There are 2 protein chains.
Amino acid sequence: MESKIFRDFLIQRGLKLTKERMAVLNQIFSIHGHFEPEHLYLNIRNSEIKASRASVYRTLNLLVESGLVERISRSDKGNVYEHTYGHSHHDHMICTTCGVVIEFFSESLEELQKMICTEYHFAGTTHTLEIRGKCRTCQKRKK
Amino acid sequence: MESKIFRDFLIQRGLKLTKERMAVLNQIFSIHGHFEPEHLYLNIRNSEIKASRASVYRTLNLLVESGLVERISRSDKGNVYEHTYGHSHHDHMICTTCGVVIEFFSESLEELQKMICTEYHFAGTTHTLEIRGKCRTCQKRKK
DNA sequence: AGCGTATTTGCAACTTAATCTCAATTTCAG
DNA sequence: CTGAAATTGAGATTAAGTTGCAAATACGCT
(Lines give C-alpha, C1' and ligand atoms only; values in the text may rest on other atoms or scores of the structure.)
Protein backbone atom coordinates (compact mmCIF):
# COMPACT_ATOMS: atom_id res chain seq x y z
CA MET A 1 0.00 0.00 0.00
CA GLU A 2 1.27 3.44 -0.87
CA SER A 3 1.18 4.92 2.63
CA LYS A 4 3.42 2.13 3.91
CA ILE A 5 5.91 2.78 1.12
CA PHE A 6 5.89 6.48 1.87
CA ARG A 7 6.26 5.89 5.59
CA ASP A 8 9.27 3.62 5.01
CA PHE A 9 10.78 6.17 2.68
CA LEU A 10 10.43 8.90 5.30
CA ILE A 11 11.85 6.79 8.12
CA GLN A 12 14.80 5.73 6.01
CA ARG A 13 15.54 9.42 5.43
CA GLY A 14 15.02 10.44 9.04
CA LEU A 15 11.93 12.46 8.13
CA LYS A 16 8.63 12.61 9.94
CA LEU A 17 5.22 11.36 8.99
CA THR A 18 2.97 14.36 9.50
CA LYS A 19 -0.74 14.70 8.93
CA GLU A 20 -0.07 17.24 6.19
CA ARG A 21 2.10 14.76 4.30
CA MET A 22 -0.53 12.09 4.68
CA ALA A 23 -3.19 14.51 3.46
CA VAL A 24 -1.20 15.16 0.29
CA LEU A 25 -0.54 11.47 -0.27
CA ASN A 26 -4.19 10.53 0.24
CA GLN A 27 -5.43 13.29 -2.00
CA ILE A 28 -3.08 12.23 -4.79
CA PHE A 29 -4.08 8.61 -4.57
CA SER A 30 -7.75 9.50 -4.58
CA ILE A 31 -7.27 11.35 -7.88
CA HIS A 32 -7.71 9.20 -10.91
CA GLY A 33 -5.11 10.01 -13.53
CA HIS A 34 -3.11 13.19 -13.98
CA PHE A 35 -3.03 16.23 -11.78
CA GLU A 36 -1.45 19.64 -11.47
CA PRO A 37 0.04 20.87 -8.20
CA GLU A 38 -2.27 23.86 -7.98
CA HIS A 39 -5.31 21.68 -8.48
CA LEU A 40 -3.99 19.33 -5.85
CA TYR A 41 -3.55 22.21 -3.45
CA LEU A 42 -7.11 23.42 -4.01
CA ASN A 43 -8.48 19.94 -3.36
CA ILE A 44 -6.58 19.80 -0.11
CA ARG A 45 -7.88 23.21 0.91
CA ASN A 46 -11.37 21.70 0.73
CA SER A 47 -10.59 18.43 2.42
CA GLU A 48 -10.67 17.40 6.05
CA ILE A 49 -6.97 17.74 6.84
CA LYS A 50 -5.50 20.79 5.17
CA ALA A 51 -1.98 21.70 4.14
CA SER A 52 -0.43 24.92 2.92
CA ARG A 53 0.76 25.41 -0.62
CA ALA A 54 4.36 25.20 0.58
CA SER A 55 3.73 21.83 2.22
CA VAL A 56 1.93 20.52 -0.81
CA TYR A 57 4.87 21.36 -3.07
CA ARG A 58 7.39 20.07 -0.56
CA THR A 59 5.53 16.80 -0.15
CA LEU A 60 5.11 16.45 -3.89
CA ASN A 61 8.87 16.62 -4.30
CA LEU A 62 9.33 13.98 -1.64
CA LEU A 63 6.82 11.74 -3.35
CA VAL A 64 8.67 12.06 -6.62
CA GLU A 65 11.91 11.16 -4.87
CA SER A 66 10.25 8.17 -3.27
CA GLY A 67 9.14 6.96 -6.68
CA LEU A 68 5.44 6.97 -5.82
CA VAL A 69 4.72 9.90 -8.08
CA GLU A 70 6.15 10.88 -11.43
CA ARG A 71 6.27 14.19 -13.23
CA ILE A 72 5.04 13.34 -16.67
CA SER A 73 5.19 16.67 -18.44
CA ARG A 74 5.46 20.40 -18.21
CA SER A 75 2.61 22.15 -19.86
CA ASP A 76 2.69 25.86 -20.55
CA LYS A 77 0.86 26.15 -17.26
CA GLY A 78 3.22 24.24 -14.98
CA ASN A 79 3.91 20.63 -14.29
CA VAL A 80 1.67 17.62 -14.63
CA TYR A 81 2.10 14.63 -12.34
CA GLU A 82 0.59 11.22 -11.90
CA HIS A 83 0.98 8.57 -9.26
CA THR A 84 2.83 5.52 -10.41
CA TYR A 85 2.12 3.05 -7.65
CA GLY A 86 -0.38 0.42 -8.84
CA HIS A 87 -0.20 2.10 -12.21
CA SER A 88 2.13 0.42 -14.61
CA HIS A 89 4.39 2.25 -17.03
CA HIS A 90 2.82 3.78 -20.12
CA ASP A 91 3.34 6.65 -22.52
CA HIS A 92 1.06 9.45 -23.66
CA MET A 93 -0.64 10.81 -26.73
CA ILE A 94 -1.80 14.36 -26.29
CA CYS A 95 -4.38 15.98 -28.54
CA THR A 96 -3.20 19.45 -29.45
CA THR A 97 -6.77 20.51 -30.18
CA CYS A 98 -8.75 19.40 -27.14
CA GLY A 99 -5.95 18.47 -24.76
CA VAL A 100 -7.20 14.96 -24.06
CA VAL A 101 -4.52 12.56 -22.85
CA ILE A 102 -4.51 8.99 -24.13
CA GLU A 103 -2.38 6.48 -22.27
CA PHE A 104 -0.85 3.63 -24.17
CA PHE A 105 1.70 0.92 -23.70
CA SER A 106 3.61 -1.15 -26.21
CA GLU A 107 5.92 -3.96 -25.26
CA SER A 108 7.64 -3.77 -28.65
CA LEU A 109 8.33 -0.10 -28.07
CA GLU A 110 9.96 -0.86 -24.73
CA GLU A 111 12.08 -3.61 -26.27
CA LEU A 112 13.13 -1.44 -29.14
CA GLN A 113 14.21 1.30 -26.77
CA LYS A 114 16.28 -1.19 -24.80
CA MET A 115 17.97 -2.25 -28.01
CA ILE A 116 18.71 1.34 -28.95
CA CYS A 117 20.18 2.01 -25.52
CA THR A 118 22.45 -1.01 -25.84
CA GLU A 119 23.58 0.22 -29.22
CA TYR A 120 24.55 3.58 -27.72
CA HIS A 121 26.05 2.05 -24.56
CA PHE A 122 23.51 4.02 -22.58
CA ALA A 123 22.08 2.64 -19.33
CA GLY A 124 18.53 3.92 -19.61
CA THR A 125 16.44 3.95 -16.45
CA THR A 126 13.32 5.89 -17.38
CA HIS A 127 11.82 7.46 -20.44
CA THR A 128 9.04 9.74 -21.53
CA LEU A 129 7.41 9.49 -24.92
CA GLU A 130 4.83 12.05 -25.82
CA ILE A 131 3.10 11.90 -29.17
CA ARG A 132 1.22 15.05 -30.11
CA GLY A 133 -1.46 15.27 -32.76
CA LYS A 134 -5.21 15.01 -33.14
CA CYS A 135 -7.42 12.52 -31.35
CA ARG A 136 -10.13 10.58 -33.14
CA THR A 137 -12.89 12.98 -32.12
CA CYS A 138 -11.01 16.11 -33.16
CA GLN A 139 -10.12 14.58 -36.52
CA LYS A 140 -13.83 14.13 -37.23
CA ARG A 141 -14.77 17.56 -35.99
CA LYS A 142 -12.32 19.10 -38.45
CA LYS A 143 -14.45 19.94 -41.55
CA MET B 1 17.65 28.58 -46.62
CA GLU B 2 16.14 29.33 -43.27
CA SER B 3 15.83 33.09 -43.71
CA LYS B 4 13.77 32.62 -46.84
CA ILE B 5 11.46 30.21 -45.04
CA PHE B 6 11.04 32.62 -42.18
CA ARG B 7 10.45 35.54 -44.53
CA ASP B 8 7.74 33.60 -46.35
CA PHE B 9 6.18 32.60 -43.07
CA LEU B 10 6.03 36.21 -41.93
CA ILE B 11 4.59 37.50 -45.21
CA GLN B 12 1.96 34.80 -45.26
CA ARG B 13 0.90 35.96 -41.81
CA GLY B 14 1.04 39.66 -42.65
CA LEU B 15 3.96 40.20 -40.29
CA LYS B 16 7.05 42.25 -40.87
CA LEU B 17 10.64 41.26 -41.37
CA THR B 18 12.55 43.37 -38.87
CA LYS B 19 16.25 43.46 -38.13
CA GLU B 20 15.57 42.21 -34.61
CA ARG B 21 13.80 39.15 -35.94
CA MET B 22 16.65 38.49 -38.34
CA ALA B 23 19.14 38.89 -35.52
CA VAL B 24 17.36 36.22 -33.50
CA LEU B 25 17.11 33.91 -36.47
CA ASN B 26 20.77 34.32 -37.36
CA GLN B 27 21.90 33.84 -33.82
CA ILE B 28 19.88 30.63 -33.49
CA PHE B 29 21.22 29.20 -36.71
CA SER B 30 24.77 30.04 -35.73
CA ILE B 31 24.38 28.01 -32.55
CA HIS B 32 25.23 24.39 -32.90
CA GLY B 33 22.79 22.21 -31.03
CA HIS B 34 20.52 23.09 -28.15
CA PHE B 35 19.98 26.45 -26.57
CA GLU B 36 18.04 28.19 -23.84
CA PRO B 37 16.19 31.46 -24.43
CA GLU B 38 18.16 33.36 -21.83
CA HIS B 39 21.44 32.23 -23.31
CA LEU B 40 20.18 33.22 -26.73
CA TYR B 41 19.27 36.65 -25.42
CA LEU B 42 22.70 37.14 -23.90
CA ASN B 43 24.37 36.20 -27.18
CA ILE B 44 22.25 38.73 -28.98
CA ARG B 45 23.12 41.43 -26.46
CA ASN B 46 26.74 40.95 -27.50
CA SER B 47 26.16 40.76 -31.21
CA GLU B 48 26.06 43.42 -33.90
CA ILE B 49 22.32 43.85 -34.16
CA LYS B 50 20.69 43.66 -30.76
CA ALA B 51 17.19 42.79 -29.63
CA SER B 52 15.43 43.10 -26.30
CA ARG B 53 14.46 40.14 -24.21
CA ALA B 54 10.83 40.68 -25.16
CA SER B 55 11.66 40.54 -28.86
CA VAL B 56 13.81 37.47 -28.42
CA TYR B 57 10.99 35.60 -26.73
CA ARG B 58 8.43 36.85 -29.22
CA THR B 59 10.56 35.84 -32.17
CA LEU B 60 11.29 32.48 -30.64
CA ASN B 61 7.58 31.75 -30.46
CA LEU B 62 7.17 32.75 -34.09
CA LEU B 63 10.02 30.48 -35.09
CA VAL B 64 8.41 27.58 -33.31
CA GLU B 65 5.14 28.31 -35.11
CA SER B 66 6.97 28.44 -38.41
CA GLY B 67 8.45 25.03 -37.75
CA LEU B 68 12.05 26.22 -37.99
CA VAL B 69 12.66 25.74 -34.30
CA GLU B 70 11.40 23.16 -31.88
CA ARG B 71 11.05 23.16 -28.14
CA ILE B 72 12.65 19.91 -27.12
CA SER B 73 12.27 19.97 -23.37
CA ARG B 74 11.42 21.93 -20.31
CA SER B 75 14.08 21.65 -17.70
CA ASP B 76 13.69 22.91 -14.18
CA LYS B 77 15.42 26.02 -15.43
CA GLY B 78 13.19 26.89 -18.36
CA ASN B 79 12.82 25.61 -21.87
CA VAL B 80 15.38 24.13 -24.22
CA TYR B 81 15.11 24.64 -27.97
CA GLU B 82 16.90 23.55 -31.10
CA HIS B 83 16.59 24.53 -34.71
CA THR B 84 15.12 21.86 -36.91
CA TYR B 85 15.86 23.17 -40.37
CA GLY B 86 18.72 21.23 -41.96
CA HIS B 87 18.60 19.06 -38.89
CA SER B 88 16.55 15.95 -39.30
CA HIS B 89 14.29 14.52 -36.66
CA HIS B 90 15.88 12.67 -33.78
CA ASP B 91 15.27 11.85 -30.14
CA HIS B 92 17.38 12.32 -27.03
CA MET B 93 19.12 10.39 -24.32
CA ILE B 94 20.00 12.52 -21.34
CA CYS B 95 22.55 11.48 -18.77
CA THR B 96 21.17 12.20 -15.32
CA THR B 97 24.68 12.32 -13.90
CA CYS B 98 26.59 14.63 -16.21
CA GLY B 99 23.74 16.09 -18.26
CA VAL B 100 25.22 15.17 -21.64
CA VAL B 101 22.66 14.94 -24.43
CA ILE B 102 22.97 12.14 -26.97
CA GLU B 103 20.96 12.46 -30.16
CA PHE B 104 19.74 9.33 -31.84
CA PHE B 105 17.39 8.28 -34.57
CA SER B 106 15.78 4.96 -35.28
CA GLU B 107 13.65 4.31 -38.31
CA SER B 108 12.07 1.27 -36.63
CA LEU B 109 11.08 3.43 -33.69
CA GLU B 110 9.35 5.89 -36.01
CA GLU B 111 7.53 3.11 -37.81
CA LEU B 112 6.44 1.50 -34.59
CA GLN B 113 5.05 4.79 -33.34
CA LYS B 114 3.08 5.21 -36.55
CA MET B 115 1.61 1.76 -36.06
CA ILE B 116 0.66 2.54 -32.50
CA CYS B 117 -1.01 5.77 -33.58
CA THR B 118 -3.03 3.91 -36.19
CA GLU B 119 -4.10 1.42 -33.59
CA TYR B 120 -5.40 4.24 -31.37
CA HIS B 121 -6.91 6.21 -34.27
CA PHE B 122 -4.62 9.06 -33.35
CA ALA B 123 -3.23 11.38 -36.02
CA GLY B 124 0.23 11.99 -34.62
CA THR B 125 2.17 14.95 -35.97
CA THR B 126 5.19 15.27 -33.68
CA HIS B 127 6.67 13.41 -30.79
CA THR B 128 9.34 13.73 -28.16
CA LEU B 129 11.13 10.75 -26.69
CA GLU B 130 13.54 11.36 -23.89
CA ILE B 131 15.43 8.47 -22.36
CA ARG B 132 17.11 9.24 -19.07
CA GLY B 133 19.89 7.20 -17.51
CA LYS B 134 23.66 7.02 -17.41
CA CYS B 135 25.95 7.59 -20.34
CA ARG B 136 28.88 5.33 -21.12
CA THR B 137 31.40 7.57 -19.37
CA CYS B 138 29.38 7.97 -16.19
CA GLN B 139 28.76 4.22 -16.01
CA LYS B 140 32.52 3.69 -15.96
CA ARG B 141 33.16 6.46 -13.47
CA LYS B 142 30.74 4.83 -11.04
CA LYS B 143 32.97 2.71 -8.77
C1' DA C 1 3.52 9.59 29.87
C1' DG C 2 6.54 13.38 29.50
C1' DC C 3 10.93 15.57 27.76
C1' DG C 4 13.93 17.48 24.42
C1' DT C 5 15.25 18.35 20.05
C1' DA C 6 15.37 18.04 15.29
C1' DT C 7 11.97 18.40 11.80
C1' DT C 8 7.94 20.56 9.81
C1' DT C 9 4.51 23.91 9.12
C1' DG C 10 2.41 28.19 7.34
C1' DC C 11 2.89 32.61 5.99
C1' DA C 12 4.68 35.91 3.22
C1' DA C 13 8.51 37.39 0.80
C1' DC C 14 11.23 36.01 -2.89
C1' DT C 15 12.96 33.98 -7.39
C1' DT C 16 12.86 33.04 -12.10
C1' DA C 17 11.03 32.46 -16.67
C1' DA C 18 8.14 34.39 -19.62
C1' DT C 19 4.41 37.63 -21.03
C1' DC C 20 2.21 41.97 -21.33
C1' DT C 21 1.54 47.16 -21.62
C1' DC C 22 2.18 51.16 -24.02
C1' DA C 23 4.49 55.10 -26.04
C1' DA C 24 7.80 55.65 -29.52
C1' DT C 25 9.70 53.67 -33.66
C1' DT C 26 9.88 51.06 -37.88
C1' DT C 27 8.22 48.51 -41.86
C1' DC C 28 6.26 48.37 -46.26
C1' DA C 29 2.24 48.62 -49.60
C1' DG C 30 0.47 51.93 -52.48
C1' DC D 1 7.07 59.33 -49.80
C1' DT D 2 3.29 58.67 -46.85
C1' DG D 3 0.48 56.67 -43.39
C1' DA D 4 -1.59 52.76 -41.31
C1' DA D 5 -0.43 48.73 -39.07
C1' DA D 6 2.98 46.14 -36.88
C1' DT D 7 7.00 46.11 -33.85
C1' DT D 8 10.17 47.50 -30.48
C1' DG D 9 12.17 48.17 -25.72
C1' DA D 10 11.79 49.15 -20.93
C1' DG D 11 9.77 48.04 -17.18
C1' DA D 12 5.65 46.26 -14.89
C1' DT D 13 3.25 42.05 -14.34
C1' DT D 14 2.09 37.21 -13.87
C1' DA D 15 2.39 32.66 -12.28
C1' DA D 16 4.78 28.51 -10.69
C1' DG D 17 7.46 27.16 -7.42
C1' DT D 18 10.89 27.91 -3.51
C1' DT D 19 12.66 29.78 0.74
C1' DG D 20 13.43 32.03 5.49
C1' DC D 21 11.91 32.02 9.84
C1' DA D 22 9.21 31.81 14.15
C1' DA D 23 5.91 28.83 16.06
C1' DA D 24 4.18 24.13 16.17
C1' DT D 25 4.78 19.20 15.98
C1' DA D 26 6.55 14.37 15.72
C1' DC D 27 8.86 10.92 17.91
C1' DG D 28 13.03 8.53 20.12
C1' DC D 29 14.38 8.18 24.72
C1' DT D 30 13.80 7.43 29.43
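Which residue of E4(B) stands opposite Met93(B)? Met93(B) faces Ile102(B), which belongs to strand E4 of chain B. The sections below place this pair within the sheets and the interface of the model.

## Basis of the model

This is a predicted model, in which local features need pLDDT of at least 70 and side-chain atom pairs count only at pLDDT 80 or more, while totals for chains, interfaces and linings use all residues. Residues are numbered from 1 along each chain as its sequence is written, chains are lettered from A and ligands numbered from 1 in the order in which they are written, and side-chain values use heavy atoms, with hydrogens and water left out.

## Chain A in outline

Chain A contains 6 helices and 6 strands. Helices (H or I, at least four residues) and strands (E, at least two) are DSSP runs, numbered from the N terminus. Read from the N terminus, the elements of chain A follow the order α-α-β-α-α-β-β-β-β-α-β-α. Along the principal axes, the C-alpha atoms of chain A fill a box of roughly 50 × 45 × 25 Å.

## The sheet of three strands in chain A

Three strands of chain A form an open sheet in the order E1-E3-E2, with antiparallel pairing. Two strands are taken to pair if DSSP finds at least two bridges between them. E1 (34-35) and E2 of chain A each have a single partner strand and stand at the edges, so one side of each is left without a neighbour in the sheet. E1(A) is joined to strand E3 (residues 78-83) of chain A by 2 bridges, and the two run antiparallel. Here His34(A) stands opposite Glu82(A) of E3(A).

Helix H4 (residues 53-66) of chain A packs on this sheet and touches E1, E2 and E3 of chain A. Contact means heavy atoms within 4.5 Å. The direction of H4(A) makes about 115 degrees with that of E2(A). For such angles, axes are lines fitted to C-alpha atoms, for helices over the stretch in contact, and the values run from 0 to 180 degrees between N-to-C directions.

Another open sheet has 6 strands, in the order E5(A)-E4(A)-E6(A)-E5(B)-E3(B)-E4(B), and its pairing is mixed. Its edge strands are E5 of chain A and strand E4 (101-104) of chain B, each pairing on one side only. On average, neighbouring strands of this sheet are turned by 20 degrees against each other, direction ignored.

The chains meet in this sheet where E6(A) and strand E5 (residues 123-134) of chain B run antiparallel, joined by 11 bridges. Arg132(A) has Thr126(B) as its bridge partner in E5(B), and Glu130(A) has Thr128(B). Within chain B, strand E3 (residues 91-95) and E5(B) pair in the parallel sense over 4 bridges, with Cys95(B) partnered by Gly133(B). E3(B) is also joined to E4(B) by 4 bridges, and these two run antiparallel.

H5(A) lies across E4, E5 and E6 of chain A together with E3, E4 and E5 of chain B, at about 130 degrees to E6(A). Helix H5 (residues 107-119) of chain B touches E4, E5 and E6 of chain A as well as E3, E4 and E5 of chain B, and its direction makes about 130 degrees with that of E5(B).

## The interface between the chains

The contact involves 36 residues from chain A and 36 residues from chain B. The area buried between them is about 3,100 Å², and carbon and sulfur atoms give 60% of this; buried area is the accessible area (1.4 Å probe) that two parts lose on being put together, summed over both. Arg74(A), Phe122(A) and Arg132(A) supply 21% of the area that chain A buries against chain B, more than any other three residues.

Across this interface there are 14 residue pairs in polar contact, both at pLDDT 80 or more. A polar contact is a pair of N or O atoms within 3.5 Å; within protein, one must be able to donate a hydrogen and the other to accept it, and residues adjacent in sequence count only if both atoms are side-chain atoms. E6(A) gives the most to the side of chain A that touches chain B, with 12 residues.
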